[in-house]
Structures are given as structure tokens and as C-alpha cells.
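Please read the report below alongside the sequence and the coordinates.

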Amino acid sequence: MEKISRRNILAVGGALGALGALSVTAPVPWTWSAAGSVAGAGAGTDPRWVWDPEADPLVASLLDRGDVPRVNELLRTWTKNGQPLPAGLPADLRDFMEQARQLPPWTNQGMLATAYQFNEKRGLYLGVLYGLASGMMSTVIPKEARAVYYSKGGADMKDRISKTAKLGYDIGTRNAFAPDGEMIVTCVKTRLVHAAVRHLLPQSPEWSGAAPEDIPISQADMMVTWHSLPTTVMQKLTAWKVPIPANESTAFLHSWQVGAHMLGIKDEYIPASWSEADSQAKQVLDPVLAPTPEGKVLADILLSLGATIDAGILSKPILGSFTRFMLGDKIAGWLDIPRDPVWDTLLRTAWGPFIAVREGLLPLPLVPQAYWLFDEFLRKLALLFLSEGQTISIEIPQINRPS
Ligand code: HEM
């Protein structure tokens with residue numbers, strides 16, 4: 001019965017058999033040199049075989065010891081970067097978290113302040129890009145799609161989106177990494193969640209049957225997902241000709257470099273510059289993109305979420321059109337996104353001029369109706385993806401997806 005219902009769910013995305021074949025992607029060897037990393041050098045270990053040696057055994061032990069419910073309850077009260085850890089945490093967890101909450105020595109506070117200026121100026125675009133470019137891209141990153149689908153959060157995507165949106169929101173706040181901000185807390189908690197997933201997913205027969213790896217979320221996988229975030233966002237902003245001063249562009253990268261470190265990614269894998277990021281992404285992100293039955297279901301759920309917030313302007317066909325516009329026809333096709341003659345054409349023809357007018361690069365005395373629609377859409381989406389996560393508490397899962 002359980003299998004049948006899972007099959008029914010997966011069938012939403014299309015023909016299961018055919019897709020199973022499509023989802024097999026060749027492993028991508030890691031050839032990127034640590035000379036281009038924030039560390040400037042490294043041991044050269046292939047990150048496909050590196051996970052999180054500090055967090056993983058610790059969280060596995062918390063799960064085995066039955067400590068997670070108590071830990072989650074205590075950590076609910078830990079929300080600000082500068083806040084002392086709550087009393088009563090197991091000593092090994094406390095020691096780890098005290099270590100994990102330290103910013104890397106290469107953190108540049110001045111650049112983080114500039115990153116905030118950038119986030120403030122570009123918040124609308126960032127909200128839409130995190131949601132529709134990065135978010136939808138995650139559904140065609142096979143390892144991520146499967147991990148998300150078969151983990152606990154896969155069963156409640158609305159909740160999961162809010163939790164993930166919290167990270168996108170927190171990193172863009174003025175005090176993101178400052179004592180009164182929340183990004184360090186979010187990163188350390190996420191690091192614990194990822195460690196739990198590494199312990200739990202291998203126990204899922206469904207995940208084990210579908211995934212090509214024995215342990216999920218390697219350091220290489222982390223970088224793949226990282227590129228779906230800042231690298232993809234910056235590539236889109238550049239393609240849209242949004243004017244970005246060089247110092248803001250570097251600062252935005254810096255905030256995500258610090259974010260990567262705080263998520264447990266080793267410095268030798270974190271690109272030091274946008275050109276290094278682009279070259280790493282070309283090696284590790286572009287070749288792995290592929291459809292999976294799980295990713296299709298997740299994409300369908302994501303595209304339907306807007307309608308539950310605002311049945312009008314964020315309807316599924318419009319979100320679908322935006323996805324096609326941002327990620328291209330190939331990915332839209334993988335996700336079975338239908339063509340929408342009106343919105344597809346509008347985006348193709350009017351988005352460029354819309355950005356130009358918005359950025360003051362093109363004077364246009366009479367703003368057409370479509371531009372107002374775009375603007376309203378940007379606002380609604382940014383709100384959906386960037387403000388939903390504000391009161392969310394990220395918790396260590398104890399189970400996989402309940403069937
Ligand atoms: C959980 C962000 C990489 C799979 C989370 C959460 C955040 C997050 C904020 C907590 C939300 C929640 O509990 O639902 C990130 C970021 C990444 C990254 C910023 C890279 C820079 C990955 C990768 C995978 C992955 C590479 C898989 C290949 C998961 C899963 C969960 C999770 C399965 C837990 C879902 C659940 O059961 O609730 N991630 N993640 N993540 N992440 Fe990631």
C-alpha cells in the first residue's frame with residue numbers, strides 16, 4: 001500500500017519509468033584547484049568523499065542517545081548570534097557549537113556592511129531569484145532533490161520552504177553575522193540538520209534505492225547547492241544588466257563565503273572570487289543538472305505554493321513562465337512546465353526593457369501596464385520567499401519522510 005501511494009505521488013510529474021532512466025548522471029570528478037579558494041591552498045581531497053567530520057558523529061550520537069527532542073526544545077530559545085547557548089545542552093554538543101559559531105578569521109566586517117547595502121538595494125530581485133532561480137534549480141539537482149524528497153521535510157514543502165527562506169532572509173539583514181543578527185544561528189542549526197540527514201537517509205530504503213551515493217550531502221554537494229544560490233543569482237543579475245558596483249558584487253560574494261564556512265564547508269572548497277566561482281560552477285553544477293521523478297514532484301509543489309498565498313498574481317502558470325524564463329526551455333521541459341503564450345512572450349520581450357526602466361537606464365514616460373504587473377509580481381514573490389522565514393525555528397529531524 002505504501003509503495004502504491006508513493007508511486008501515485010511520483011506519477012504527478014509524469015511517466016515514472018522513462019524518468020528513472022533520465023535521472024542517472026555521471027559522477028563529476030573534482031578538478032578545481034584549491035589555489036582559487038578562500039584558503040588559497042588545500043590538501044586536495046576530493047570533496048565528494050568529505051562530509052562533516054565534526055558534526056556528523058556528534059549528531060548521530062545525539063540521535064542514538066535519544067537526546068534530539070530535548071536539544072530541539074532547548075535550541076528553540078537560541079535565536080541570536082551573540083546569545084549564550086542555552087543551559088542544559090549535552091556537553092559534546094555545546095563544545096561543538098561553541099566552536100562552530102566562531103566566524104572565520106578572514107571575515108571582513110566592512111565587506112559584510114557593504115553586502116547589506118547591496119541586499120537592501122536589490123532585495124526585490126534577490127527574493128525572486130532565490131525563490132525561482134535557486135529554488136527551482138534545486139529540483140533539477142538530482143542528489144538534492146532526492147535528499148529533500150525522502151527526508152522529513154519533503155513531506156511538508158511549505159514548511160521546508162519557510163525554513164530555507166529563513167537563511168536567504170537572514171543573510172540579507174543588516175546584522176546578519178553580528179551579535180544581534182541570526183545568520184550564525186541559522187547556519188549552525190542547518191549544519192546540525194545536515195548531519196542528521198546524513199545519519200537518517202541511509203536508513204531509508206526509498207532513498208537508498210534511488211540515490212547513487214551511500215551518504216548524502218558531501219562537501220561537493222554543498223558547493224553544488226551553494227552555486228545554485230549566489231553564483232546563479234549574480235549570473236542572472238549580470239545577464240539582466242542590473243548595474244552593480246564592483247565593491248557590492250564582491251561584498252555579496254563575501255557574505256556567501258562566510259555563510260559557506262558557517263555551514264561547515266571547508267575553506268579550501270570555497271571560491272575566492274566570482275571568476276573562480278563561475279569556473280567551479282561550470283565544473284560541478286552545470287553537468288549534474290537533470291530531471292528526477294522526485295524533483296518533478298517537488299517542482300510541482302513549489303509552483304503551486306504561490307497560489308495558496310495569492311491566487312491571482314502568483315498563479316502556477318505565471319510562476320512556471322518565470323521559471324522557464326530564468327532557467328531556460330530545457331529545464332522547464334524536464335519539469336513539465338507548460339508553455340504559456342502570454343507570459344512567456346511578455347517575459348521574453350518586456351523583461352529586459354522593464355529592468356532598464358526600473359534601473360533608470362531607459363527613460364520611459366508612459367510605463368506600460370505589463371511593467372506594473374512585473375513590479376507587483378517582484379514584490380509579491382520577494383515577500384513570499386524572503387519574509388516567510390522570519391519566525392521559523394530550524395530543528396534537527398529524527399525521522400525520514402513519513403510514507
Ligand atoms: C535542510 C540550506 C545544501 C539537503 C536545510 C535547511 C537549510 C538548508 C536552511 C534547514 C531547513 C529545514 O530543516 O528544512 C542549505 C544550504 C545549502 C544546503 C544553504 C548549501 C549551501 C544541501 C545539500 C543537500 C541538502 C547539498 C542534499 C544533497 C537538505 C535536507 C534538509 C536540509 C535533506 C533537511 C530537510 C528535512 O528533513 O527537514 N538545508 N542546504 N542541503 N537540507 Fe540543505
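What follows is a description of a predicted model.

**Overall make-up**

The protein has 18 helices and 0 strands, and buried residues make up 55% of its 403 residues. Of the contacts in the protein with a separation of 6 or more, 76% are accounted for by residues 24 or more positions apart.

**The ligand and its iron atom**

Around the ligand there are 20 residues, and the closest of them are Ser151, Gly153, Arg160, His194 and Thr225. At least two residues of this shell come from each of helix H7 (142-150), helix H8 (157-171), H9 and H11. The iron atom of the ligand has His194 as its only protein donor, through NE2 at 2.1 Å, and His194 itself is placed in helix H9, which covers residues 183-200. Since a donor has to lie within 2.8 Å of the metal and water is not among the atoms, the site may look incomplete.

For Ser151, a polar side-chain atom lies 3.2 Å from a ligand oxygen, whereas for Gly153 a backbone N or O atom lies 2.9 Å from a ligand oxygen. In the case of Arg160, an N or O atom in the side chain is 3.5 Å from an oxygen atom of the ligand.

**Salt bridges**

How many salt bridges does the rule used here give? The count comes to 23, and the table sets out three of them.

| Asp52 | Arg191 | 2.7 Å |

In the salt bridge between Asp52 and Arg191, the side chains meet at 2.7 Å, N to O. Asp52 lies in the loop between helix H2 (16-22) and helix H3 (55-65) while Arg191 lies in helix H9, so this pair ties together parts that are 139 residues apart in sequence. Both Asp52 and Arg191 are buried. Helix H9 thus holds Arg191 and also His194.

Glu248 counts as buried because its relative accessibility is 5%, and buried here means under 20%.

Elsewhere, salt bridges that share partners join Asp52, Glu54, Arg191 and Lys266 into one network.

**Helix H3 and its cover**

Helix H3 has as its buried residues Ala55, Asp56, Leu58, Val59, Ala60, Leu62 and Leu63. An α-helix has 3.6 residues a turn, so residues three or four places apart point the same way. The cover over the buried residues of H3 includes H4, H5 and H9. After H3 comes Gly66, whose phi is positive, near 75°.

**Two local surroundings**

Gly88 is placed in the loop between helix H4 (68-75) and helix H5 (91-100), and at 44% relative accessibility Gly88 counts as partly exposed. When neighbours within four places in sequence are left aside, Gly88 is in contact with Arg70, Leu74 and Arg94. The C-alpha atoms of Gly88 and Val71 are 8.5 Å apart in space, and the two residues are separated by 17 residues in sequence.

Gln219 belongs to helix H11 (residues 219-239), and with a relative accessibility of 2% Gln219 counts as buried. With neighbours within four places in sequence again left aside, the contacts of Gln219 are Pro47, Val50, Trp51, Gly264, Ile265, Lys266 and Tyr269. One of these contacts, Lys266, is also a member of the salt-bridge network with Asp52, Glu54 and Arg191.

Note on methods: Residues numbered from 1 in each chain as written. Predicted model: local features only at pLDDT ≥ 70, side-chain atom pairs only at ≥ 80, totals over all residues. Heavy atoms only, no water. Donors = N, O, S within 2.8 Å, 3.2 Å for Na, K, Ca; no water. Helix = DSSP H or I, 4+ residues; strand = E, 2+ residues; numbered from the N terminus. Salt bridge = Lys/Arg side-chain N within 4 Å of Asp/Glu carboxyl O. Buried < 20%, exposed > 50% of the residue type's maximum accessible area, 1.4 Å probe, protein only. Contact = heavy atoms within 4.5 Å. Near = heavy atom within 4 Å. Polar contact = N/O pair within 3.5 Å; in protein donor to acceptor, adjacent residues only side chain to side chain.
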